[in-house]
Amino acid sequence: MKLKISRPRYSHLWNSEFPVVIERTVAIADKYDMTGMLLGKSFGELSAFDPRLKEMSVYVRRNEKLAAACELDVKRDTLITGIRKVVRAFEDVDMPVIRQHYEVLDALLEKHQSQTIAKANLTSETDRLNKLEKDIASNPLAQEAFAAFGLAPVVRCLFETNREYDVLFREYIADKSVEEYDVAGLRRECTKAVGQFFDAIQYCAFEHENIDYTALVKELNQLNGYYRTQLKARDTRRKNNKKDKGEQIPPPPSEV
């Protein structure tokens, strides 16, 4: 019987998505008698990538944490710099109430040398912002002054961002045992193996009509069709909105 397996464009999958597709492909095939279907060799070569793909997933997640932490670092730099600029903007305002608030905040920011926080190394910046947060928490006059200048939400956002950064960076450091991976090389090897596996299925289905490959091919086509559709939708969104980086494709439903 002549059967055809639909294939997604593996090169368009994100590094975080690629292992999921391959692992689901292996899981589907593993439900069938690969030896009886004369697919033992090609399936064995594909399934042998499983431990390497799991290690790659850990490596990719670690790098994603670092990238997210870097974005948060830029955000907290922007926030502390913006807060300082707003406070400085009130320096020459000759109104008693405003002057009172300005002097409180100017003294606070000078104490913590706010002009150098964004330029400090990552760990030092985190620690200095933590100290600034504690200082503000114990200083009602500073809290009142920030509120009067409309900066209370910005200050909260600064410290929330700093805490988020700290958590992500600590997780990144905790995963430091993960070795460097040639992700592109592994993906090329694995894509070749899955292609050869699909070719073997199609060849065997044509050559051995006494063996039923229909159910296996149907399941694989459901999986691959899901990713083809998702990738096409993401590409369309990107074309319509060039600034849209797209969203990660969620794992397919279990029945796919």
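One cavity of 30 Å³ or more is found in a search of the whole structure; a cavity is a set of points on a 1 Å grid over the protein atoms alone where a 1.4 Å probe fits but cannot get out. The largest cavity holds about 40 Å³ of space, a volume being the space filled by probe spheres set on the points, which are joined across faces, edges and corners.

This is a predicted model, in which local features need pLDDT of at least 70 and side-chain atom pairs count only at pLDDT 80 or more, while totals for chains, interfaces and linings use all residues. Residues are numbered from 1 along each chain as its sequence is written, and side-chain values use heavy atoms, with hydrogens and water left out.

## Lining of the cavity

Lining residues have an atom within 4 Å of a point; for the largest cavity they are Ile22, Glu23, Val26, Leu46, Ser47, Phe49, Asp50 and Leu53. At least two of the lining residues come from each of α1 (18–30), α2 (40–47) and α3 (50–89), and α1 gives the most, with 3 residues. Helices here are DSSP runs (H or I, at least four residues), numbered from the N terminus.

## Nonpolar cores

A nonpolar core is a set of buried (under 20% relative accessible area, 1.4 Å probe, protein chains only) Ala, Val, Leu, Ile, Met, Phe, Trp, Tyr and Cys residues joined through side-chain atoms within 4.5 Å. In the largest core, of 41 residues, Ile22, Leu39, Phe197, Ile201, Tyr213 and Leu216 touch the most other members. Two or more residues of this core come from each of α1, α2, α3, α9 (183–207) and α10 (214–240), and α9 gives the largest share, 11 residues.

Notes
On a 1 Å grid over the protein atoms alone, a cavity is a set of points where a 1.4 Å probe fits but cannot get out, and a pocket is an open set with protein on both sides within 12 Å along at least five of seven lines; lining residues have an atom within 4 Å of a point. Buried means under 20% relative accessible area, exposed over 50%, partly exposed in between (1.4 Å probe, protein chains only).
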